[in-house]
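Let me put the model up, and then we'll walk through a few spots together.

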Amino acid sequence: MRCVLAVVVAFAHAWYLLIEDYRGQASIAASAGYFLAGYAHASVILFFVLSGFWIARSVDGRVGDWHWSSYLIDRLARLLVVLLPALAIGGALDAIGVYVLGSSTHLGTTDTYVLRKDVTGALDWPVLLGNILFLQGIVVAPFGTNGPLWSLAYEFWFYIWFPAIVISWRLRRLSIFLVFIGLAWISPFMVIGFGCWLCGAALHRLTKTHLSDFRRVPIGRIWLVVAGGILITTLVVVRIVGLGGLELVLAGAFTLFLYILLRKNPPSPRWLRSFASYGAKASFSLYALHFPIMAFVAALLLDSERLPPAADNIALVGFTLALAVVTCGLFAFLTERHTARIRSFFYAKLLSVQKAQDRRSVS
């Protein structure tokens, strides 16, 4: 699912960067492209649900012996091992697009839905620092062309908000980290996003409490069909009428489907394994880096206007998507694959600091 959602987001951005806006008539293939490209934001909402499920599981496993230091090492190692090099590579590509190529894409003159600004101002050092501190889309703009990074900032603060709330409730003592919920005052949509994220946390709670018992009672395939039908119907509705105001409805439909899927627990088809492998190893890298790569490709392909949805131009979209998937897979091999090693390094540093403190307290 992570693989599919990341690819859908990347496809949508490739489409919007290269293909002109819908003008009322298009071939079947082009119409399908326009329709699918409209699911970028919905895919992010579904990402939030999946994230809430996994992070709630992680927090739940630690809550009896909670330490913010080890939790933050885990979360920051996971994020920064990808984010920092993605910012460096994306910034370099954007700088070439602006200062060498004078790209109409980077200067915002193609008027595409996903990049309507001159990114020159978004390549400044304060913006870069704000992105490293996960404040993009809240206090500063996303760095360069990389607009999708807004959701990464939201994710990070959800990682902070959720355990702060849980620990405060369990220990009956307010955590200092609750102060960061105040960021929602600056960016109110964070509240809706967090509500969608909490759907995933609720799914973890349900599976922990009830799933083992429910699996003893066989469940018919019809329930999976019904839950899938509800999810598909919701996806079609939000595509037709717009996602605004229906984010929690979509998150709820996805949560129901995941619950029934976990309860049914069908065997995984062999043909899904390559998707699952890429999703586990590189979907985060694809999300974090695909846009600067695609914007750079657009800079090489476009003059002042985007392309009509002819067959050869749709093929260019497919090529651009494939290039991003392969490149980000290699990027993940060089970065994301080493997350555990980086965690171990900082755990060792933390342990040495704690031992030094212990020695000072004894002396």
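So, to start: in which loop is the place of Arg172? This is a predicted model, by the way, so keep that in mind throughout. Arg172 sits in the loop between α6 and α7, with α7 covering 183-186. Its phi is near 55°, which is a positive value in a residue other than glycine. And Arg172 is exposed, because its relative accessible area is 61%, and the cut-off for exposed is over 50%.

Phe134 lies in the loop between α5 and α6. Its phi is near 60°, again a positive value in a residue that isn't glycine. Buried or exposed, then, for Phe134? Buried: the relative accessibility of Phe134 is 2%, and buried means under 20%. So we have Arg172 exposed and Phe134 buried, each with a positive phi.

Gly108 lies between α4, which is 68-100, and α5, which is 125-132. At 13% relative accessibility, Gly108 counts as buried too. What does Gly108 touch, leaving out residues up to four places away in sequence? Those partners are Leu115, Arg116, Lys117 and Asp118. If you look back along the chain to Ala92, 16 residues from Gly108, the two C-alpha atoms are separated by 18 Å.

On to the helices on either side of that loop. α4 and α5 pack at an angle of about 165°, with their axes 10 Å apart. They are therefore roughly antiparallel, and the crossing is right-handed. From α4, the contact uses Leu80, Leu83, Leu84 and Leu87, and from α5 it uses Leu128, Asn131 and Ile132. By class, that gives six nonpolar residues, one polar and no charged.

α4 has another partner, and that's α6, residues 149-171. Here the angle is about 180° and the axes are 12 Å apart. That makes α4 roughly antiparallel to α6. On the α4 side you have Trp68, Tyr71, Leu72, Arg75, Leu76, Leu79, Leu83 and Leu87. Facing them from α6 are Leu149, Leu152, Phe156, Tyr159, Ile160, Pro163 and Ala164. Notice Leu83 and Leu87: they turn up in the contact with α5 and in the contact with α6.

Let's jump further along the chain. How do α9, residues 221-241, and α10, residues 247-264, cross? Their axes come within 9 Å, and the crossing angle is roughly 160°. That makes α9 roughly antiparallel to α10, and this crossing is left-handed. Among the α9 residues in the contact are Arg221, Trp223, Leu224 and Gly228. The α10 residues include Phe254, Phe257, Ile260 and Lys264. Counting by class, the contact has 14 nonpolar, two polar and two charged residues.

Last stop, α3, which covers residues 40-62. With 23 residues, α3 reaches 33 Å from its first C-alpha to its last, close to the 33 Å expected at 1.5 Å a residue. How many of those residues are buried? It's 17 of the 23, so α3 is mostly covered.

Methods: Residues numbered from 1 in each chain as written. Predicted model: local features only at pLDDT ≥ 70, side-chain atom pairs only at ≥ 80, totals over all residues. Heavy atoms only, no water. Axes fitted to C-alpha atoms, helices over the stretch in contact; angles between N-to-C directions. Helix = DSSP H or I, 4+ residues; strand = E, 2+ residues; numbered from the N terminus. Parallel < 35°, antiparallel > 145°, perpendicular 65-115°, else oblique. Left-handed = near helix turned anticlockwise from the far one by under 90°. Contact = heavy atoms within 4.5 Å. Nonpolar A, V, L, I, M, F, W, Y, C, P; charged D, E, K, R; others polar. Buried < 20%, exposed > 50% of the residue type's maximum accessible area, 1.4 Å probe, protein only. Expected span 1.5 Å × (residues − 1).
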